[in-house]
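Keep the sequence and the structure in view while reading.

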Amino acid sequence: MTKQRTEEWTKSYNDDYFNRQFKTPYRSTVKFCEWLEKIKIIDSESNQKILDIGTGKGSNLYYMKKLYPNCEYLGLDINNDFVEEGNLFFKNEKIDSCKLEFGDIYKLDREKLANKYDGIISYQTLSWLPGYEKPLEELTKLNSNWLAFSSLFYDGLVDCKIELSEFENESTDTPSNKTFYNIYSLPKIKHFFAERGYTKFQFIPFEIDIELAKPEHSHMQTYTEELKNGTKIQRSGPLLMSWYFIIAQK
Ligand SMILES: C[S@@+](CC[C@H](N)C(=O)[O-])C[C@H]1O[C@@H](n2cnc3c(N)ncnc32)[C@H](O)[C@@H]1O
């Protein structure tokens with residue numbers, strides 16, 4: 001793989017996306033945690049050490065800390081501003097079990113991070129990287145008991161490499177933003193983990209149970225549409241958002 005382009009995370013990003021989750025976590029975060037509890041990975045009594053990759057400002061850790069108060073959390077992100085803002089937030093809230101640090105999923109500090117964590121989580125990040133192979137290779141080398149992700153997947157032997165370009169107006173040829181929205185094949189991911197000793201693999205589609213209004217603008221923002229059978233599908237711009245939660249265990 002060529003080097004990851006990181007501008008979309010360090011130069012131009014939607015601050016509101018990160019900030020509003022501190023007040024109201026995304027439905028996917030709530031449902032992801034419910035699922036982890038249902039399959040007996042974590043509960044309110046757990047005292048696990050959890051590593052969150054692509055943590056943003058740490059809002060998901062804040063939510064998890066409220067649900068699982070005895071766990072200890074470290075969030076890694078390549079955006080130093082997010083790390084600083086998140087740490088300030090936790091300091092102001094007098095929470096010392098959630099810490100954020102700079103960390104690049106492509107170059108993790110194995111000496112410091114390997115064999116230290118019970119679980120690794122990553123919300124809404126894997127599909128926004130150029131691919132899954134190198135990031136998952138790095139993460140499996142940290143040797144945690146389990147790794148769980150919310151991202152875009154497909155329950156078949158098809159991988160989609162999707163890179164979108166967003167434009168300010170129709171006369172510009174230079175996109176104002178470029179982002180990946182890759183969809184990864186679940187059987188391929190399952191095989192990838194199994195080859196690295198994570199032989200137990202579970203997944204579930206994230207079926208949203210609330211309505212999200214279609215935005216006025218035509219840029220990327222998730223909204224729901226109801227099918228005849230009552231199922232809600234999620235769209236964002238031109239894409240169908242095939243959200244899944246997955247977990248790999250030893
Ligand atoms: C779509 S955001 C999701 C943030 C957060 N998990 C959430 O659910 O709000 C993706 C995050 O991954 C971070 N990121 C992108 N590339 C990364 C890398 N190579 N290593 C670590 N974090 C990365 C971005 O800075 C951003 O905060």
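Three strands form an open sheet in the order 10-11-12, and their pairing is antiparallel. This is a predicted model, in which local features need pLDDT of at least 70 and side-chain atom pairs count only at pLDDT 80 or more, while totals for chains, interfaces and linings use all residues. Residues are numbered from 1 along each chain as its sequence is written.

**The open sheet**
- Strand 10 (222–226) and strand 12 (239–240) are the edge strands, each pairing on one side only. Strands are DSSP runs of E with at least two residues, helices are runs of H or I with at least four, and both are numbered from the N terminus.
- Five bridges join strand 10 to strand 11 (residues 232–236) in the antiparallel sense; two strands pair if DSSP finds at least two bridges between them.
- Tyr223 lies opposite Arg235 in strand 11.
- Strands of a sheet pair through backbone hydrogen bonds, either parallel or antiparallel.

**Strand 13 and its partners**
- Strand 13 (residues 243–249) has five of its seven residues buried, so the rest of the structure largely encloses it. A residue is buried if 20 or more other C-beta atoms lie within 10 Å of its own, exposed if 12 or fewer, and partly exposed in between, with C-beta atoms placed from the backbone.
- Strand 5 (residues 146–154) pairs with strand 13 in the antiparallel sense over seven bridges, and Ser150 stands opposite Phe245.
- Strand 9 (residues 200–205) also pairs with strand 13 in the antiparallel sense, over six bridges, and Phe201 stands opposite Ala248.

**Helix 5**
- Phe82, Val83, Gly86 and Phe90 are buried in helix 5.
- These residues cover an arc of only 100° around the axis, which puts them on the same side of helix 5; the arc is that of the directions from the helix axis to the C-beta atoms.
- Asn80, Asp81, Leu88, Lys91 and Asn92 are exposed on the other side of helix 5.
- The buried residues of helix 5 pack against helix 2, strand 2 and strand 3 (98–102), where contact requires C-beta atoms, placed from the backbone, within 7 Å.

**Around the ligand**
- Among the 24 residues around the ligand, Trp9, Gly54, Gly56, Ile105 and Tyr123 come nearest. A residue is near a molecule if its C-beta atom, placed from the backbone, lies within 6 Å of it.
- Helix 2 (15–23), helix 4 (59–67) and strand 2 (72–77) each supply at least two residues of this shell.

Note on methods. Contact = placed C-beta atoms within 7 Å.
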